[in-house]
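Me: I have a structure open and want to go through it piece by piece. Can you take my questions as they come?

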Amino acid sequence: MLVGAKAARTPAGAALVLPSEALAEQVAGEWRDDRPPAGRLATRLACAAIDGDPAARRVMVEEIAGFARHDLVCYPAEQPAALSGRQAATWGPLRVWAAETFGVRLLADPGGGGIDQPAESIAALERFLGALDPFQLIGLFAAARLFSSAVLALALMTGRLDGGAAHAAARLEEAFQQERWGEDAEAVKRAEGMLAEAIRLEAWFAALRTAI
(Lines give C-alpha, C1' and ligand atoms only; values in the text may rest on other atoms or scores of the structure.)
Protein backbone atom coordinates (compact mmCIF):
# COMPACT_ATOMS: atom_id res chain seq x y z
CA MET A 1 0.00 0.00 0.00
CA LEU A 2 1.23 3.52 -0.80
CA VAL A 3 0.66 6.70 1.19
CA GLY A 4 1.69 9.58 -1.04
CA ALA A 5 4.78 8.36 -2.89
CA LYS A 6 6.00 6.08 -0.11
CA ALA A 7 5.20 2.51 0.75
CA ALA A 8 3.24 2.57 3.98
CA ARG A 9 4.72 0.85 7.01
CA THR A 10 3.51 -0.06 10.46
CA PRO A 11 4.95 1.45 13.65
CA ALA A 12 7.22 -1.61 13.90
CA GLY A 13 8.49 -1.03 10.36
CA ALA A 14 6.65 -3.86 8.62
CA ALA A 15 5.11 -3.35 5.19
CA LEU A 16 1.43 -2.42 5.46
CA VAL A 17 0.19 -5.34 3.36
CA LEU A 18 -3.56 -5.97 3.68
CA PRO A 19 -5.58 -9.09 2.89
CA SER A 20 -8.12 -7.47 0.54
CA GLU A 21 -8.40 -4.56 -1.84
CA ALA A 22 -11.46 -3.33 0.06
CA LEU A 23 -9.49 -3.16 3.29
CA ALA A 24 -6.62 -1.36 1.60
CA GLU A 25 -9.12 1.18 0.27
CA GLN A 26 -10.47 1.76 3.78
CA VAL A 27 -6.99 2.50 5.11
CA ALA A 28 -6.07 4.67 2.13
CA GLY A 29 -9.35 6.57 2.49
CA GLU A 30 -8.48 7.52 6.06
CA TRP A 31 -5.25 9.09 4.84
CA ARG A 32 -6.87 10.80 1.86
CA ASP A 33 -9.44 12.32 4.20
CA ASP A 34 -6.56 13.53 6.39
CA ARG A 35 -8.25 12.21 9.50
CA PRO A 36 -6.47 12.74 12.82
CA PRO A 37 -4.72 9.61 14.12
CA ALA A 38 -7.54 8.90 16.58
CA GLY A 39 -9.98 8.71 13.66
CA ARG A 40 -7.95 6.21 11.61
CA LEU A 41 -9.55 3.08 13.00
CA ALA A 42 -8.79 0.85 10.02
CA THR A 43 -5.17 2.01 10.01
CA ARG A 44 -4.76 1.31 13.71
CA LEU A 45 -6.37 -2.10 13.46
CA ALA A 46 -4.29 -3.05 10.43
CA CYS A 47 -1.03 -2.02 12.07
CA ALA A 48 -1.91 -3.88 15.26
CA ALA A 49 -2.78 -7.00 13.27
CA ILE A 50 0.50 -6.94 11.38
CA ASP A 51 2.72 -6.01 14.31
CA GLY A 52 1.04 -8.36 16.79
CA ASP A 53 2.88 -11.31 18.31
CA PRO A 54 1.73 -14.51 20.05
CA ALA A 55 1.65 -12.76 23.42
CA ALA A 56 -0.65 -10.06 22.04
CA ARG A 57 -2.92 -12.73 20.56
CA ARG A 58 -3.18 -14.47 23.94
CA VAL A 59 -4.15 -11.21 25.61
CA MET A 60 -6.88 -10.57 23.05
CA VAL A 61 -8.26 -14.11 23.27
CA GLU A 62 -8.31 -13.92 27.08
CA GLU A 63 -10.02 -10.53 27.09
CA ILE A 64 -12.70 -11.55 24.59
CA ALA A 65 -13.32 -14.71 26.61
CA GLY A 66 -13.55 -12.50 29.68
CA PHE A 67 -16.34 -10.51 28.06
CA ALA A 68 -18.17 -13.78 27.36
CA ARG A 69 -17.91 -14.75 31.03
CA HIS A 70 -19.72 -11.53 31.96
CA ASP A 71 -21.44 -10.76 28.67
CA LEU A 72 -23.79 -7.81 28.45
CA VAL A 73 -26.45 -9.94 26.74
CA CYS A 74 -26.57 -12.28 29.74
CA TYR A 75 -27.69 -9.62 32.21
CA PRO A 76 -31.21 -8.45 31.40
CA ALA A 77 -32.98 -6.26 33.92
CA GLU A 78 -35.65 -7.76 36.15
CA GLN A 79 -37.64 -4.51 36.15
CA PRO A 80 -39.23 -2.56 34.60
CA ALA A 81 -41.05 -5.08 32.47
CA ALA A 82 -40.87 -2.90 29.36
CA LEU A 83 -37.06 -2.88 29.49
CA SER A 84 -36.67 -6.54 30.39
CA GLY A 85 -39.03 -7.40 27.53
CA ARG A 86 -36.91 -5.51 25.01
CA GLN A 87 -33.75 -7.13 26.29
CA ALA A 88 -35.27 -10.61 26.17
CA ALA A 89 -36.52 -10.06 22.62
CA THR A 90 -33.14 -8.78 21.40
CA TRP A 91 -30.59 -10.64 23.49
CA GLY A 92 -32.32 -14.01 23.85
CA PRO A 93 -32.14 -14.90 20.13
CA LEU A 94 -28.50 -13.79 20.04
CA ARG A 95 -27.61 -16.15 22.89
CA VAL A 96 -29.37 -18.97 21.04
CA TRP A 97 -27.50 -18.05 17.85
CA ALA A 98 -24.12 -18.04 19.64
CA ALA A 99 -24.85 -21.49 21.06
CA GLU A 100 -25.94 -22.93 17.72
CA THR A 101 -23.23 -21.28 15.64
CA PHE A 102 -20.16 -21.45 17.88
CA GLY A 103 -21.10 -23.83 20.67
CA VAL A 104 -20.97 -20.87 23.05
CA ARG A 105 -24.00 -21.45 25.28
CA LEU A 106 -24.24 -18.58 27.75
CA LEU A 107 -26.68 -18.47 30.63
CA ALA A 108 -28.85 -15.47 31.41
CA ASP A 109 -28.67 -13.91 34.87
CA PRO A 110 -31.59 -11.47 35.32
CA GLY A 111 -30.76 -8.89 37.92
CA GLY A 112 -27.02 -9.38 37.59
CA GLY A 113 -26.30 -11.34 40.74
CA GLY A 114 -23.36 -13.09 39.13
CA ILE A 115 -23.18 -16.43 37.33
CA ASP A 116 -20.46 -18.84 36.22
CA GLN A 117 -20.75 -19.52 32.52
CA PRO A 118 -20.26 -23.12 31.33
CA ALA A 119 -16.56 -23.92 31.03
CA GLU A 120 -17.16 -25.82 27.79
CA SER A 121 -18.71 -22.71 26.25
CA ILE A 122 -15.70 -20.56 27.09
CA ALA A 123 -13.38 -23.28 25.80
CA ALA A 124 -15.34 -23.44 22.52
CA LEU A 125 -15.04 -19.68 22.14
CA GLU A 126 -11.30 -19.76 22.83
CA ARG A 127 -10.82 -22.48 20.18
CA PHE A 128 -12.72 -20.38 17.66
CA LEU A 129 -10.70 -17.29 18.51
CA GLY A 130 -7.45 -19.21 18.25
CA ALA A 131 -8.25 -20.10 14.63
CA LEU A 132 -8.91 -16.52 13.51
CA ASP A 133 -6.41 -14.65 11.40
CA PRO A 134 -4.85 -11.53 12.94
CA PHE A 135 -7.15 -9.13 11.10
CA GLN A 136 -10.29 -10.93 12.21
CA LEU A 137 -9.08 -11.21 15.79
CA ILE A 138 -8.12 -7.56 16.20
CA GLY A 139 -11.47 -6.47 14.78
CA LEU A 140 -13.35 -8.81 17.10
CA PHE A 141 -11.30 -7.55 20.03
CA ALA A 142 -12.18 -3.94 19.19
CA ALA A 143 -15.87 -4.81 18.83
CA ALA A 144 -16.02 -6.74 22.11
CA ARG A 145 -14.50 -3.78 23.91
CA LEU A 146 -16.88 -1.37 22.23
CA PHE A 147 -20.01 -3.34 23.16
CA SER A 148 -18.79 -5.04 26.38
CA SER A 149 -20.01 -8.21 24.69
CA ALA A 150 -18.35 -11.10 22.92
CA VAL A 151 -21.74 -12.16 21.51
CA LEU A 152 -22.45 -8.79 19.90
CA ALA A 153 -18.89 -8.69 18.55
CA LEU A 154 -19.34 -12.12 16.97
CA ALA A 155 -22.67 -11.06 15.51
CA LEU A 156 -21.04 -8.01 13.92
CA MET A 157 -18.06 -9.97 12.62
CA THR A 158 -20.22 -12.57 10.88
CA GLY A 159 -22.81 -10.14 9.54
CA ARG A 160 -25.53 -11.47 11.85
CA LEU A 161 -25.99 -7.83 12.92
CA ASP A 162 -24.94 -4.66 11.15
CA GLY A 163 -23.22 -1.85 13.00
CA GLY A 164 -26.39 0.04 13.79
CA ALA A 165 -28.20 -3.02 15.12
CA ALA A 166 -25.23 -4.10 17.26
CA HIS A 167 -24.94 -0.58 18.66
CA ALA A 168 -28.66 -0.50 19.45
CA ALA A 169 -28.49 -3.92 21.13
CA ALA A 170 -25.63 -2.73 23.33
CA ARG A 171 -27.52 0.41 24.37
CA LEU A 172 -30.95 -0.97 25.17
CA GLU A 173 -30.95 0.18 28.78
CA GLU A 174 -29.42 3.57 28.05
CA ALA A 175 -31.93 4.20 25.24
CA PHE A 176 -34.78 3.13 27.50
CA GLN A 177 -33.69 5.57 30.20
CA GLN A 178 -33.40 8.38 27.66
CA GLU A 179 -36.95 7.72 26.53
CA ARG A 180 -38.18 8.05 30.09
CA TRP A 181 -36.05 10.90 31.39
CA GLY A 182 -34.83 12.74 28.32
CA GLU A 183 -31.49 12.96 26.57
CA ASP A 184 -28.25 14.14 28.09
CA ALA A 185 -25.98 15.98 25.64
CA GLU A 186 -22.84 14.20 26.79
CA ALA A 187 -24.52 10.80 26.59
CA VAL A 188 -25.80 11.56 23.10
CA LYS A 189 -22.31 12.53 21.95
CA ARG A 190 -20.87 9.35 23.44
CA ALA A 191 -23.55 7.24 21.72
CA GLU A 192 -22.88 8.92 18.39
CA GLY A 193 -19.18 8.13 18.70
CA MET A 194 -19.97 4.53 19.58
CA LEU A 195 -22.29 4.21 16.58
CA ALA A 196 -19.67 5.66 14.24
CA GLU A 197 -17.11 3.13 15.46
CA ALA A 198 -19.60 0.27 15.14
CA ILE A 199 -20.25 1.24 11.52
CA ARG A 200 -16.51 1.42 10.79
CA LEU A 201 -16.04 -2.03 12.34
CA GLU A 202 -18.91 -3.34 10.20
CA ALA A 203 -17.02 -2.07 7.15
CA TRP A 204 -13.78 -3.66 8.44
CA PHE A 205 -15.38 -7.10 8.71
CA ALA A 206 -17.17 -6.73 5.37
CA ALA A 207 -13.85 -5.93 3.71
CA LEU A 208 -12.25 -9.00 5.29
CA ARG A 209 -15.02 -11.19 3.88
CA THR A 210 -13.97 -10.09 0.37
CA ALA A 211 -10.45 -11.46 0.86
CA ILE A 212 -9.62 -14.43 -1.34
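**Starting at Asp 51**

Reply: Asp 51 sits in helix α2, which covers residues 41–51. Keep in mind that this is a predicted model.

Me: Which residues is Asp 51 in contact with, leaving aside its neighbours within four places in sequence?
Reply: Thr 10, Pro 11, Ala 12 and Ala 14.

Me: And how far apart are Asp 51 and Gly 159 in space?
Reply: They are 26 Å apart, C-alpha to C-alpha. In sequence, 108 residues separate Asp 51 from Gly 159.

Me: Let's zoom out. How many helices and strands does the protein have?
Reply: There are 10 helices and 2 strands. Along the sequence the pattern runs β-β-α-α-α-α-α-α-α-α-α-α.

Me: What does the C-alpha trace span along its principal axes?
Reply: About 60 × 40 × 25 Å.

Me: What share of the residues is buried?
Reply: Buried residues account for 42% of the 212.

Me: And of the contacts between residues at least 6 apart in sequence, what share joins residues at least 24 apart?
Reply: That share is 67%.

Me: Now helix packing. At what angle do α4 and α7 pack?
Reply: About 65 degrees, with the axes 10 Å apart. Here α4 is residues 81–102 and α7 is residues 150–158. The angle makes α4 roughly perpendicular to α7, because the roughly perpendicular class runs from 65 to 115 degrees. The crossing of α4 and α7 is left-handed.

Me: Which residues make the contact?
Reply: From α4, Leu 94, Trp 97, Ala 98 and Phe 102. From α7, Val 151, Leu 152, Leu 154, Ala 155 and Thr 158.

Me: How do the residues of that α4 and α7 contact divide by class?
Reply: There are 8 nonpolar residues, 1 polar and no charged.

Me: On to His 167. Which helix is it in?
Reply: His 167 is in α8, residues 163–170.

Me: Buried or exposed, His 167?
Reply: Buried. Its relative accessible area is 8%, and under 20% counts as buried. Beyond neighbours within four places in sequence, His 167 is in contact with Phe 147, Ala 191, Met 194, Leu 195 and Ala 198.

Me: How do α8 and α10 pack?
Reply: They pack at about 140 degrees, with axes 8 Å apart; α10 is residues 185–208. That angle makes α8 oblique to α10. The crossing of α8 and α10 is right-handed. The α8 side of the contact is Gly 163, Gly 164, His 167 and Ala 170. The α10 side is Ala 191, Met 194, Leu 195, Ala 198, Ile 199 and Glu 202. By class, the contact of α8 with α10 has 6 nonpolar, 3 polar and 1 charged residues.

Me: At what angle do α6 and α10 cross?
Reply: At roughly 160 degrees, and their axes come within 10 Å. That makes α6 roughly antiparallel to α10. The crossing of α6 and α10 is left-handed. Residues in the contact include Phe 135, Leu 146 and Phe 147 of α6, and Met 194, Trp 204 and Phe 205 of α10. The contact of α6 with α10 divides into 13 nonpolar, 2 polar and 1 charged.

Me: Last one. Where is Ala 175?
Reply: In helix α9, residues 172–181. Ala 175 is partly exposed, with a relative accessible area of 24%. The C-alpha atoms of Ala 175 and Val 188 are 9.8 Å apart, and the two residues are 13 apart along the chain.

Methods. Residues are numbered from 1 along each chain as its sequence is written. This is a predicted model: local features need pLDDT of at least 70, side-chain atom pairs count only at pLDDT 80 or more; totals for chains, interfaces and linings use all residues. Side-chain values use heavy atoms; hydrogens and water are left out. Axes are lines fitted to C-alpha atoms, for helices over the stretch in contact, and angles run from 0 to 180 degrees between N-to-C directions. Helices (H or I, at least four residues) and strands (E, at least two) are DSSP runs, numbered from the N terminus. Angles under 35 degrees count as roughly parallel, over 145 as roughly antiparallel, 65 to 115 as roughly perpendicular and the rest as oblique. A crossing is left-handed if the near helix is turned anticlockwise from the far one by less than a right angle, and right-handed if clockwise. Contact means heavy atoms within 4.5 Å. Ala, Val, Leu, Ile, Met, Phe, Trp, Tyr, Cys and Pro count as nonpolar, Asp, Glu, Lys and Arg as charged, and the others, Gly among them, as polar. Buried means under 20% relative accessible area, exposed over 50%, partly exposed in between (1.4 Å probe, protein chains only).
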